[in-house]
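Please read the points with the model in view.

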Amino acid sequence: MKLFISKFKESAMSILPIVIIVFIMSLTPVFSLPKEEMIVFLLCSVALIVGMTLFSIGAEMSMTPMGDYAGTGLMKTRKLLLILLVALFMGFLVTIAEPDLLVLSAQVKDVVNSSTFIASVGVGVGIFLVMALLKVVFNRQLAILLLLFYMLIFAFAALLEEVGKWVLIPLAFDSGGVTTGPITVPFIMAFGVGIAATIGGKNGSENSFGFVALCSVGPVLVVFLSLIMSNGSVAYTLPDYSMKAVLAGGIFNKVIHEFVNVFRALGLIFAFFMILNYFIIKLPIKKILQIIVGLLITLVGLVLFLTTAAIGFLPVGFSLGSQIVKSNNAIAIALCFVIGMTVVLAEPAIHVLTNQVEEVTGGNVSRKSMLIALSIGVGFAIALSIYRILYGFSILYYLIPGYFISLALTLFVPPLYTAIAFDSGGVASGPLTSTFILPLMIGACAEVMGAEGVMEFAFGVVALVAMIPLISIQLLGFRAIMTKMVRDRISMRRILRADDNQIIYFEG
């Protein structure tokens with residue numbers, strides 16, 4: 001009960017700012033939300049807090065230990081081919097049932113075949129989870145790998161533009177952000193910690209991060225390839241985001257739908273883990289029962305979280321987006337900045353990451369400083385997204401300089417900060433980005449440009465949410481280095497200025 005109360009307070013502090021902002025906006029003459037929608041939104045917010053609380057408790061009891069045990073157990077076998085095959089299959093299996101990915105694929109089903117899109121993303125994660133393992137095994141620098149792969153990504157973006165499908169570039173970049181959601185992040189991060197703890201060596205802390213970063217790169221490359229080779233239409237049909245449409249099938253059916261998706265995801269992970277446990281890990285029954293209890297709590301929490309987010313937040317996000325662009329442009333940009341700052345705090349996987357960072361770094365990278373950096377970074381990402389919709393230009397004007405700066409910073413900050421920053425980018429774009437921020441951008445874009453502009457200008461917000469933290473977290477690391485250098489210089493000056501008469505000499 002003490003743990004529940006503690007997590008409940010943490011979740012409430014994360015979600016209440018969003019609720020307060022939406023409530024205040026609804027009271028102004030600029031925005032109008034029907035009373036029924038506002039009541040449903042407030043009720044869903046309470047349920048969202050409970051769901052996030054249960055998810056946090058369940059993830060600590062099940063997802064994190066499973067990933068840790070799997071990583072440690074596999075590395076102890078010292079059979080590299082077996083380890084790589086397991087990682088490939090595990091990455092694919094975990095990803096294809098990720099709720100964030102399912103939400104995105106459902107919103108673009110008229111443009112891209114859902115099965116092909118989900119399979120492409122799953123293959124990308126599987127391949128790059130193998131790359132992450134090879135990075136640790138052969139002790140390679142994450143920054144060099146990221147530089148290489150992002151060069152390939154922008155080369156593929158040029159090819160996509162060459163074949164006349166430039167409007168799908170934002171969607172391809174978004175695919176990297178939605179792969180690292182509430183199910184995959186706890187498992188993959190703990191898997192990385194288990195691997196690094198076994199063979200990480202002197203770079204153990206650094207090697208425990210970077211898995212999420214590389215798993216966010218793979219889907220973009222594979223989706224680009226699939227889009228280049230596809231012959232489908234790029235015409236987009238605007239879905240009905242009204243609360244009436246969302247509730248058309250009934251709340252019970254919505255709960256069942258989310259339950260099936262989450263149960264399938266967790267069931268696949270647990271089944272695969274039990275196979276590993278039978279042949280390799282061999283945990284006692286007591287540990288297995290603890291993991292099962294944790295999975296059940298995670299299941300309830302995540303179903304509650306995703307259901308209430310879809311019912312209460314998706315329609316409100318679309319409605320606010322369609323109204324926000326009717327105000328002054330400067331006000332619209334400022335409001336989106338504030339919304340972005342608060343929404344990232346409500347992402348469940350963010351708290352998994354920040355807790356793990358603080359633990360692994362021994363408090364050198366505090367949870368509070370990370371949350372502030374992420375909050376400001378995502379605020380800028382949402383503000384830049386609405387600016388792009390208002391003035392209509394390619395997302396590459398953001399992504400090319402953004403990734404240039406983030407990759408350039410890897411030359412000046414410690415590798416640990418680079419790994420944490422690129423992991424943070426993937427984690428920041430979670431369920432609320434898909435169910436609140438993306439509909440907000442679609443609503444704004446539909447109001448400004450109509451449905452035909454949505455694919456090119458509304459999509460891409462997930463990619464920006466995943467990119468901006470790369471810069472903000474590395475700047476946090478750069479500031480830490482400069483602060484240490486200044487302190488060291490001050491200490492040295494004090495030593496050099498010390499009065500020699502104050503030195504005590506001992507004679508034998």
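Is the crossing of α10 and α18 left-handed or right-handed? The points below begin with that pair; the model under discussion is a predicted one.

1. **Helices α10 and α18.** The crossing of α10 and α18 is left-handed. Helix α10 covers residues 211–229 and helix α18 covers residues 415–428; their axes come within 7 Å and cross at roughly 60 degrees. That angle makes α10 oblique to α18. On the α10 side the meeting residues are Phe211, Val212, Ala213 and Ser216, and on the α18 side they are Phe422, Asp423, Gly426 and Val427. Sorted by class, this contact has five nonpolar, two polar and one charged residues.

2. **Helices α2 and α3.** A second pair is formed by α2 (residues 35–77) and α3 (residues 80–96), whose axes come within 8 Å and cross at roughly 150 degrees. The two helices are therefore roughly antiparallel to each other, and α2 passes α3 in a right-handed crossing. Leu74, Met75 and Thr77 of α2 make the contact with Leu82, Ile83 and Val86 of α3. The residues of this contact divide into five nonpolar, one polar and no charged.

3. **The loop between α2 and α3.** Arg78 lies in the loop between these two helices. Its phi is near 60 degrees, a positive value in a residue other than glycine. Most residues other than glycine have a negative phi. Arg78 is exposed, with a relative accessible area of 73%.

4. **The loop between α5 and α6.** Asn139 is found in the loop between α5 and α6, the latter being residues 142–162. Here too a residue other than glycine has a positive phi, near 55 degrees for Asn139. Asn139 is partly exposed, at a relative accessible area of 45%.

5. **Ser45.** This residue is found in helix α2. Ser45 is buried, with a relative accessible area of 3%. Not counting residues up to four places away in sequence, Ser45 touches Ile15, Val19 and Phe313. Between Ser45 and Gly340 there are 17 Å in space, C-alpha to C-alpha, while the two are 295 residues apart in sequence.

6. **The largest nonpolar core.** Which residues touch the most other members of the largest nonpolar core? They are Phe173, Phe224 and Phe436, in a core of 171 residues. Helix α13 (residues 285–324) gives the most to this core, with 16 residues. Leaving aside neighbours within four places in sequence, Phe436 is in contact with Val22, Phe313, Val316, Gly317, Leu320, Ile339 and Val343.

7. **Helix α4.** Is helix α4 largely enclosed or open? Seven of the nine residues of α4 (residues 99–107) are buried, so this helix is largely enclosed by the rest of the structure. The buried residues are Pro99, Asp100, Leu101, Leu102, Leu104, Ser105 and Gln107. They pack against α3, α5 (114–137), α7 (169–178), α12 (251–281), α13 and α19 (431–448).

Conventions: Residues numbered from 1 in each chain as written. Predicted model: local features only at pLDDT ≥ 70, side-chain atom pairs only at ≥ 80, totals over all residues. Heavy atoms only, no water. Axes fitted to C-alpha atoms, helices over the stretch in contact; angles between N-to-C directions. Helix = DSSP H or I, 4+ residues; strand = E, 2+ residues; numbered from the N terminus. Parallel < 35°, antiparallel > 145°, perpendicular 65-115°, else oblique. Left-handed = near helix turned anticlockwise from the far one by under 90°. Contact = heavy atoms within 4.5 Å. Nonpolar A, V, L, I, M, F, W, Y, C, P; charged D, E, K, R; others polar. Core = buried A, V, L, I, M, F, W, Y, C linked by side-chain atoms within 4.5 Å. Buried < 20%, exposed > 50% of the residue type's maximum accessible area, 1.4 Å probe, protein only.
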